[in-house]
Amino acid sequence: MLNRAIADVSFELPARSASQTFQGASHPMHGNSLFDRLTDTTVAAASEHSLKAALIDVARAHGFERFAYLNLHAAKSFAVSNYQEEWQSLYFARSYMAIDPVVTAAKRLRRAFKWSADVERRRAGDDIKGFYDTAAEFGIRSGLSIPIRTGFGQFAILTLASARILDPSGSGELDFAGAAAAAALIHARLQSTSAPTHKPDFVLSDREALCLRWAAEGLPMHSIADVTGLTYHTVRWDLDRVKVKLGVCTQKQAVAVATKFRLI
């Protein structure tokens with residue numbers, strides 16, 4: 001959740017350093033120990049249920065209250081998280097992944113990074129500020145996120161989040177290799193979960209389906225606007241929303257995924 005990711009911040013900090021840790025956190029955040037513990041926990045967990053419980057314990061031991069594994073894979077996106085159910089429902093229902101700065105940063109950085117909504121909110125536009133405000137209501141104000149590339153342009157994200165304020169003034173580097181290894185193991189365990197905490201129904205609106213159906217016939221956006229009586233900007237908005245909903249980057253991919261899942 002940031003427009004400009006706050007990365008390269010060391011987790012190798014002394015305990016209870018008010019300027020370098022989450023305010024009120026009772027544990028130091030040592031990068032290597034955090035990622036090593038995530039790795040050990042994932043390997044040791046005997047079941048998916050025990051893994052989820054262990055991830056909560058690890059997160060809390062390092063100053064976070066929440067964890068979230070978000071798999072953004074076309075029309076099969078889902079979450080495994082201890083975020084509040086209402087927030088998970090809102091996130092997918094409002095297609096927040098389209099404006100969530102954590103998602104944007106994950107796509108761009110492709111490595112672990114820390115973020116602070118309170119810092120980045122000052123430079124954000126109204127839509128992002130609204131997103132930050134809503135997230136804060138559910139105790140999400142700062143955290144650590146690790147992108148996971150899953151093939152064919154798709155990806156997942158592992159996030160540890162807190163309601164506390166993160167001071168980004170620390171220096172140093174995250175253990176990117178350790179973070180990637182830990183997140184990859186968690187992804188391997190959860191990517192085929194039979195019990196996601198939220199799995200949205202990907203339904204296109206009538207107007208979105210109409211625009212995409214014309215796009216499937218090869219019409220450019222200005223022609224779609226002509227035949228539907230919509231404005232060019234409305235057509236572009238609808239097609240952009242479709243791409244977000246389906247978790248794809250191009251209009252061609254959107255047509256392919258929508259056709260595969262019989263959405264058009």
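Author: A cavity is a set of points where a 1.4 Å probe fits but cannot get out. A volume is the space filled by probe spheres set on such points. The model discussed here is predicted.

Reader: How many cavities of 30 Å³ or more does the structure hold?

Author: It holds 1. The volume of the largest cavity is about 240 Å³.

Reader: What makes a residue part of the lining, and how many line the largest cavity?

Author: A lining residue has an atom within 4 Å of a point. For the largest cavity, 18 residues line it. Nearest its centre lie Ala68, Leu70, Tyr83, Tyr91 and Asp100.

Reader: Which elements each supply at least two residues of that lining?

Author: β1 (66–72), β2 (78–81), α3 (85–93), α4 (101–109) and β5 (154–162) do. α3 gives the most, with 4 residues.

Reader: How do the lining residues of the largest cavity divide by class?

Author: They split into 14 nonpolar, 3 polar and 1 charged. Tyr counts as nonpolar and Asp as charged in this scheme.

Reader: Why is the other space called a pocket?

Author: A pocket is an open set, whereas a probe in a cavity cannot get out, so the two names differ. The largest pocket has a volume of about 470 Å³. It is lined by 23 residues, with Lys107, Gly153, Phe155, Gly247 and Cys249 closest to its centre. α4, β4 (142–151), β5 and α10 (232–246) each supply at least two residues of this lining. The classes come to 11 nonpolar, 7 polar and 5 charged.

Reader: Which residues of α6 are called buried?

Author: Buried means under 20% relative accessible area. Ile128, Phe131, Tyr132, Thr134 and Ala135 of α6 are buried. Down the axis of α6, the buried residues fall within an arc of 165°, so they line one face of the helix. The face turned away carries the exposed residues Asp126 and Glu137.

Reader: What do the buried residues of α6 pack against?

Author: They pack against α3, α4 and α5 (117–120). Just after α6, Gly139 takes a positive phi of about 75°.

Reader: What span does α7 reach, and what is expected?

Author: α7 (residues 176–190) has 15 residues and reaches 21 Å from its first C-alpha to its last. The expected value is 21 Å. Its buried residues are Gly178, Ala179, Ala182, Ala183, Ile186, His187 and Leu190. They fall within an arc of 165° seen down the axis, so they line one face of α7.

Reader: Is Ala45 buried or exposed, and how do you know?

Author: Its relative accessible area is 12%. The cut-off for buried is under 20%. Ala45 is therefore buried. It is found in the loop between α1 (31–44) and α2 (48–61).

Reader: What does Ala45 touch, beyond residues up to four places away in sequence?

Author: Ala45 touches Ser50, Leu51 and Arg189. Contact means heavy atoms within 4.5 Å. Ala45 and Arg189 are 144 residues apart along the chain, with C-alpha atoms separated by 9.7 Å.

Reader: How many helices and strands does the protein chain have?

Author: It has 11 helices and 5 strands. Of its 264 residues, 49% count as buried. Among contacts with a separation of 6 or more, 69% join residues 24 or more positions apart.

Conventions:
Residues numbered from 1 in each chain as written. Predicted model: local features only at pLDDT ≥ 70, side-chain atom pairs only at ≥ 80, totals over all residues. Heavy atoms only, no water. 1 Å grid on protein atoms, 1.4 Å probe; cavity = no way out; pocket = protein on both sides within 12 Å on 5 of 7 lines; lining within 4 Å. Buried < 20%, exposed > 50% of the residue type's maximum accessible area, 1.4 Å probe, protein only. Arc of directions from axis to C-beta. Expected span 1.5 Å × (residues − 1).
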